[in-house]
Amino acid sequence: MTSFLFDGDDSAPVTILLAHGAGAPMDSASMAATAKALAAAGFQVARFEFHYMAARRYGHRKPPPRAETVNPEYVKAIADLRAKGVTGRLIIGGKSMGGRVASMVADEMSAKGEIDGLVCLGYPFHPPGKPEQLRTKHLADLKTPTLIFQGTRDEFGTKEEVATYGLSPAIEVIWLEDGDHDLKPRKAISGFSTGDHLKTMAETIKIRMAD
């Protein structure tokens with residue numbers, strides 16, 4: 001059974017399931033702040049870890065696997081969340097690699113009526129400094145309603161690069177001013193705080209997907 005961290009009201013009509021990025025666990029400061037912002041907007045949030053990350057808690061240092069190899073773990077997390085009694089509408093997603101994995105299982109899960117939407121926080125369109133190594137092929141035909149929140153300073157995909165990718169019309173990219181890969185801006189430069197951007201993220205999901 002998948003282990004989850006929950007935030008928000010367990011009677012919320014919409015639950016958001018989030019996976020972590022490649023290098024930080026589900027209880028990292030960034031993931032915790034994201035979950036709290038979503039809970040404040042009225043969502044129930046469930047966070048989980050892929051096996052390689054969970055193993056690090058027991059001293060087993062494993063490098064991140066190829067993202068597609070953990071697709072079955074995400075599918076199982078959805079089933080395990082339902083088995084825990086979580087009902088109602090479900091949006092899946094995650095931070096960086098977690099969002100990428102969610103995007104690879106989204107259409108299958110949506111077709112089965114298991115999920116209602118997809119949210120990616122800092123999508124890793126390509127490795128930093130390697131814009132030719134795109135991770136976008138499956139995004140061209142994605143049918144699941146999708147929101148991608150991307151900082152304008154994100155080294156994994158700039159605004160200018162993403163504009164050339166030919167993404168599915170089901171995808172809306174929301175650009176957060178001066179945000180890095182964690183959506184964190186430099187307040188002295190942008191006037192925004194990380195909290196501002198996380199609130200915008202949460203409220204945008206609520207307006208687009210939960211009302």
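Two strands are said to pair if DSSP finds at least two bridges between them. Strands themselves are DSSP runs of E of at least two residues, numbered from the N terminus.

What we see is a predicted model, in which local features need pLDDT of at least 70 and side-chain atom pairs count only at pLDDT 80 or more, while totals for chains, interfaces and linings use all residues. Residues are numbered from 1 along each chain as its sequence is written, and side-chain values use heavy atoms, leaving out hydrogens and water.

I begin with strand S6, residues 146-151. S6 pairs with strand S7 (residues 171-176) in the parallel sense, over six bridges; there, Phe149 has Ile174 of S7 as its bridge partner. S6 also runs parallel to strand S5 (residues 117-121), joined by four bridges, and Leu147 of S6 stands opposite Val119.

I turn now to the loop between S5 and S6, where Lys143 is placed. Lys143 counts as exposed because its relative accessible area is 66%, exposed meaning over 50% and partly exposed lying in between. Beyond its neighbours within four places in sequence, Lys143 is in contact (heavy atoms within 4.5 Å) with Asp107 and Ala170. Glu132, 11 residues from Lys143 in sequence, is 25 Å from Lys143 in space, C-alpha to C-alpha.

Terms used: Buried < 20%, exposed > 50% of the residue type's maximum accessible area, 1.4 Å probe, protein only.
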